[in-house]
Amino acid sequence: MQTFFRTFPLRPELFLTALQSALAVVVQTLVMRTTVSSLERLTRRAWGLPCGSGFYAEHPCRRNAKRVPGYLECGAGLSTTLHQKDSWDDVESATRPSEVKHTTETPHTSKQGGPREFETRVGHDFHVHSRDSIINSTSGGGVWEGRDDCLRSVSLAEDVWHVLTVDMSLFRLLLLEIVLEFLMMFASALVLTLIGACDGVPLGGTTLLHQKMLLAFTTVRISSDSIYGWQEKTPSTNAEIFTLALLGWLHWLLLSVAGAVIVARALKPLQQVAFAPDCVYDDSNLSIRMMVLRKDVILYDLQVRIQAFAGGEIYDLPISTGTGGYARWTGVFPLTMKHKIDDKSPLRKDFTDMNKITNIAVTVTAIDSDGKPVFGMAEYYNPRGWVANRPEFQGWFSGKPVYPRMLRGKFGDQFRFFKVPNDERGLRHAQMESQAMETKTPVTGPPVFLLDFDNFHVVHNEIPPTNIDSPV
């Protein structure tokens, strides 16, 4: 076992913890429905990554604090109650709104709303702001044409390098490397067979090809003697020696290019932030929610830029802090960036109707705690704007999660102080005893807040006012 841990890349205590909790995880998944496979959950546990599920029924400072299926309900003031259920199916039954119609139909009148405007989003949809989604929904809205598309390039080599290091998926890149390795071996065997035939060696059916195939393995650093055993053979001719040297150099060149591509992709900044799939606005503010994906990451010099697009014009929407961003932000709390809609805001000064805005874009740049650059971008479309109503735009998101929308309403609340489930006396003080806990030890450690991740994407829609006094 000690020899295993010396070669195993994980810490022994983490691996033992994973083994001890494997049975508990399997039993838990039978009760709590999850979108994460058991294998992925075990892998995350082994690496010390977040892998829990459910709401805390005991304070998280306690070791192995109990987590249960349930939902939160906001009461008067800041009171929040956790309602525990037996399964996530029961949670969905208790929280399914009866007044909201889950539909993908496309209403056309302004009274009904824009395409999929009131459709309830059922997931966090982090990939709705992915690079491919943005390219297809924005750049995909236009296609170049003309005499020759190949002239839209400064260098063929740069274009190919961009495909390898940026455009091509990791799966296809690895598949390409494997295919090229096999092609290298077969091509080497055919060339060596041809040289042998030219030197007068009889083909002898497939004997010569078989011998040259074993010899070709040396060009990809495979020692055929150690695998198939040493046997006496005719010494290689000068042409064969020269060919083997050339093929070995070509394989080295292939490995060098593959290594350079891997390094170039490895040096790309990791995605450290994620935006809520929808943004919200009301008569006072435009709000965009963002979160840092990893708790131990701190962002420094966080710069934010928000712009609105309407009628071919671009309007800057400064955030309400009066500066261009934030000095630092941690991965603990979500960040809600607000643009104040006042007399100085383009949303009120330049528009009499919010429906004239087609989309809003936000970009975030920062430096993480390791000094690496961080980038983030999201784009939200007005369901009542002309772009979202185009059939081409709707076709891209047909059969997919709802497109990123500008919605009139408010974000769902994410914060709560710890509270015993279904307790009628409200928030408990840390020194008070809890009937739901086996121990009477007071809560003396962090965290102070509990954050409802299930509410990160939730928007409480508001019907746009019909009076002319509303500026938006």
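What you're looking at is a predicted model, where local features need pLDDT of at least 70, side-chain atom pairs count only at pLDDT 80 or more, and totals for chains, interfaces and linings use all residues. Residues are numbered from 1 along each chain as its sequence is written, and side-chain values use heavy atoms, with hydrogens and water left out.

Searching the whole structure turns up two cavities of 30 Å³ or more (a cavity is a set of points, on a 1 Å grid over the protein atoms alone, where a 1.4 Å probe fits but cannot get out). The largest cavity holds about 40 Å³, the volume being the space filled by probe spheres set on the points, which are joined across faces, edges and corners.

Who lines the largest cavity? You'll find V128, H129, S133, I134, S137, E379, Y381, F397 and P404 there, lining residues being those with an atom within 4 Å of a point. Helix 5 (131-137) and strand 13 (373-381) are the elements that each give two or more residues to this lining, and helix 5 has the largest share, with three. (Helices, H or I of at least four residues, and strands, E of at least two, are DSSP runs numbered from the N terminus.)

Now for A276, in the loop between strand 5 (273-275) and strand 6 (279-281). Leaving aside neighbours within four places in sequence, A276 is in contact (heavy atoms within 4.5 Å) with H129, R289, Y380, F411 and F456. A276 and P404 are 128 residues apart in sequence, yet 8.6 Å apart in space, C-alpha to C-alpha.

Notes:
1 Å grid on protein atoms, 1.4 Å probe; cavity = no way out; pocket = protein on both sides within 12 Å on 5 of 7 lines; lining within 4 Å.
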